[in-house]
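Please read this briefing alongside the sequence and the coordinates. It takes up selected local features, grouped by topic.

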Amino acid sequence: DIAVGSPVARRDRAELTTLVGYFINTLVMRTCLSDASSFEALIRQVRKTALEAFAHQELPSDRLVSTLGLRSDKGINPLYQVGFVLQNLPDAPLALPGLAVEPITVHTGTAKSDLWLALTEVDGHLQGEFTYSTDLFESASVKRLAKHFLTLLRGIAAAPSTDIALLPLLEADEQRSIVQAWNDTARPYDLDTCVHALIEAQSQRAPDATAVVFERSTISYGALNVRANQLAHRLRELGVHRDALVAVCMDRSIELVVALLGILKAGGAYLPIDPDYPTERVRFVLQDSQARVVLTHEARRASLESTLDPATTVLSLDNEEAVLGRYPTTNPQLVNTADDLAYAIYTSGSTGQPKGALIPHRGLTNHVLWLHEQLRFTSADRVLQKTSISFDASVWEFVAPLAAGAVLVLARPGGHADAHYLVQVLEAQRISILQLVPSLLRALVEEPQFAARTALRYVVSGGEALDADLARRFLKQLPGATLGNFYGASEASDDTTFFEMREPPAGSAPIPIGRPMANAQCYVLDARLQPVPIGVTGELYIGGAGLGRGYLHRPQLTAERFIAHPFRAGERLYRTGDLARYRADGNLEYVGRADHQIKLRGFRIELGEIEAVLRQYPGVQASVVLVHGERPELRRLLGYVAGAG
């Protein structure tokens with residue numbers, strides 16, 4: 001629904017034709033493109049609108065503003081922001097008695113509207129000129145706009161009966177850049193080798209090297225492999241097989257690492273559940289997943305068993321050492337293929353129910369091997385694991401260091417929320433690689449002695465938008481370190497794009513989310529799955545090796561979010577619901593959400609899930625409300641809370 005201002009001469013009476021003066025009035029032409037299918041139909045609609053507008057051209061535009069009660073802010077036209085004029089009158093020279101007259105082009109240096117296009121008939125051709133606000137547009141953007149306009153006109157002339165949504169905007173070379181060149185990310189990784197096999201190989205190369213550190217406890221690669229092997233043999237005895245989900249509800253500990261590795265070695269897939277989650281959510285995830293084996297600590301066992309089906313087997317790993325000690329220490333035969341499940345992550349659901357994203361080994365292996373390459377992992381690295389196990393970013397924190405022969409350091413339970421504690425751990429454990437959400441990164445850089453007490457060489461930021469000021473502060477405090485702004489989705493094996501900074505960024509422009517990682521593709525598409533031009537906002541779609549299977553027991557939702565690939569036959573794309581746009585250099589910039597989902601401290605939160613809970617308790621008063629940003633869906637939610645009392 002577009003409103004465009006267009007000036008009219010208003011010399012529609014014979015007695016006005018010879019008068020000197022400014023008679024121009026601006027008409028606002030409103031066009032609803034959803035009412036037209038083809039360009040021919042649109043032309044008929046616009047012609048009707050224009051004729052009706054010309055019939056009322058005497059009404060001054062300021063009178064219209066006043067009648068409608070619109071506020072006219074300085075520098076902002078209340079009726080339209082884009083203007084168009086066709087100069088179709090003969091360009092007759094001005095002749096004054098006794099004077100020689102020639103036109104002089106004068107530019108005022110100002111723009112009366114955001115964007116203005118003037119077309120003039122010159123020798124049977126149309127000559128165009130754009131005037132634009134430099135506060136809103138760069139010269140390169142307007143040049144691209146002009147090029148796209150010409151491409152559009154050529155497409156219309158060639159096929160005027162084409163659906164307007166399918167008319168071309170991109171020239172062939174630009175489309176090739178966006179669809180193919182910027183997605184040329186192929187790497188010859190061995191995706192048939194599962195991550196637990198990579199960790200197994202590390203245990204054979206350096207069995208005495210330290211694998212995991214937790215508080216004052218350590219375990220070597222050889223001992224970790226043995227304990228995971230024994231658990232794997234036990235799990236196979238319990239019926240764990242390929243694609244079988246094994247729930248893990250444990251506090252951060254060495255037993256947790258053994259559990260994750262043992263499940264993968266058994267051939268199953270792990271389902272992480274944060275032990276601090278509310279009982280109702282834990283019960284739902286366990287019932288929905290139909291996991292028949294749950295691994296936990298003895299202190300959590302009683303509360304878990306109250307939520308479980310009696311047929312479910314619960315193992316307390318801190319109480320099972322004697323039992324597990326009777327099982328073989330040898331590596332179980334590898335049974336998994338790249339297409340088997342590695343893990344499932346439950347994310348917030350818009351309908352009020354969480355949903356389980358299913359990730360195969362192919363996506364996990366691709367992610368880990370790319371991290372090894374991009375972050376330049378070595379056995380000398382020490383990586384801090386401090387993300388909740390129910391968050392997809394925790395996956396690589398656990399397995400990427402171990403697959404590289406590095407040291408995995410576990411933060412104490414709850415330590416991820418204590419910036420002062422984290423600084424102490426970074427120093428004491430000589431952490432070199434760290435992953436943080438921007439809100440926690442901000443808390444760290446504000447900690448006294450943060451820079452002086454850390455040996456960080458690479459920090460991964462993700463889960464929230466990273467602003468330029470925070471990036472600048474971090475890189476000034478830690479010169480020589482690399483700050484990576486990563487973006488991804490649980491449904492696509494977590495990280496998908498990345499943007500690296502080694503120098504403090506200048507200005508206040510948003511930090512881009514970068515380009516696709518190895519063997520991943522990203523597309524910014526419109527509602528008809530057509531690529532949008534550089535600088536134009538569209539929805540972000542993800543494809544490639546990291547793509548998950550879909551959602552557990554949600555075939556309809558899977559079909560809705562995992563669609564047929566429009567550019568690669570036989571492949572699929574994941575519809576993220578995120579809005580993005582391409583920059584001229586090929587980097588992606590995150591814009592916002594296309595739905596009601598928000599992110600807080602890296603966690604995806606569907607407001608529909610919160611609303612569904614509130615509707616169960618209409619009589620309960622909401623005493624505290626946290627407002628996060630200026631989001632209309634939050635206002636709707638708050639309106640419901642207020643209406644419910």
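Which residues does Asp392 touch, not counting residues up to four places away in sequence? In this predicted model, Asp392 touches Ile345, Ala489, Ser490 and Asp494 once residues up to four places away in sequence are left out of the count.

**Two loop residues**

- Thr105 lies in the loop between β3 (82–87) and β4, and it counts as exposed because its relative accessibility is 81%, which is over the cut-off of 50%.
- The C-alpha atom of Thr105 is separated by 46 Å from that of Ala465, a residue 360 positions away along the chain.

- Strand β4 (residues 115–122) runs antiparallel to strand β5 (residues 125–132), and eight bridges join the two.
- Within this pairing, Leu117 of β4 stands opposite Phe130 in β5.
- Two residues lie between the strands of the hairpin, and Asp123, which is in the turn, has a positive phi of about 50°.

**Helices α5 and α7**

- Helix α5 (residues 195–205) packs against helix α7 (residues 254–266) at an angle of about 110°, the two axes being 9 Å apart; α5 is therefore roughly perpendicular to α7, since angles of 65 to 115 degrees fall in that class.
- The crossing of these two helices, α5 and α7, is left-handed.
- On the α5 side the contact is made by His196, Ile199 and Glu200, and on the α7 side by Leu261, Leu264 and Lys265.
- Sorted by class, the residues in the contact of α5 with α7 are three nonpolar, one polar and two charged.

**Helices α11 and α12**

- Helix α11 (residues 361–374) and α12 cross at roughly 60°, and their axes come within 10 Å.
- The crossing in which α11 passes α12 is right-handed.
- From α11, the residues that make the contact are Leu364, His367, Val368, Leu371 and His372, while α12 contributes Val395, Trp396, Val399, Ala400 and Ala403.
- By class, the contact of α11 with α12 holds eight nonpolar and two polar residues, with no charged residues.

Terms used. Residues numbered from 1 in each chain as written. Predicted model: local features only at pLDDT ≥ 70, side-chain atom pairs only at ≥ 80, totals over all residues. Heavy atoms only, no water. Pairing = 2+ DSSP bridges. Helix = DSSP H or I, 4+ residues; strand = E, 2+ residues; numbered from the N terminus. Axes fitted to C-alpha atoms, helices over the stretch in contact; angles between N-to-C directions. Parallel < 35°, antiparallel > 145°, perpendicular 65-115°, else oblique. Left-handed = near helix turned anticlockwise from the far one by under 90°. Contact = heavy atoms within 4.5 Å. Nonpolar A, V, L, I, M, F, W, Y, C, P; charged D, E, K, R; others polar. Buried < 20%, exposed > 50% of the residue type's maximum accessible area, 1.4 Å probe, protein only.
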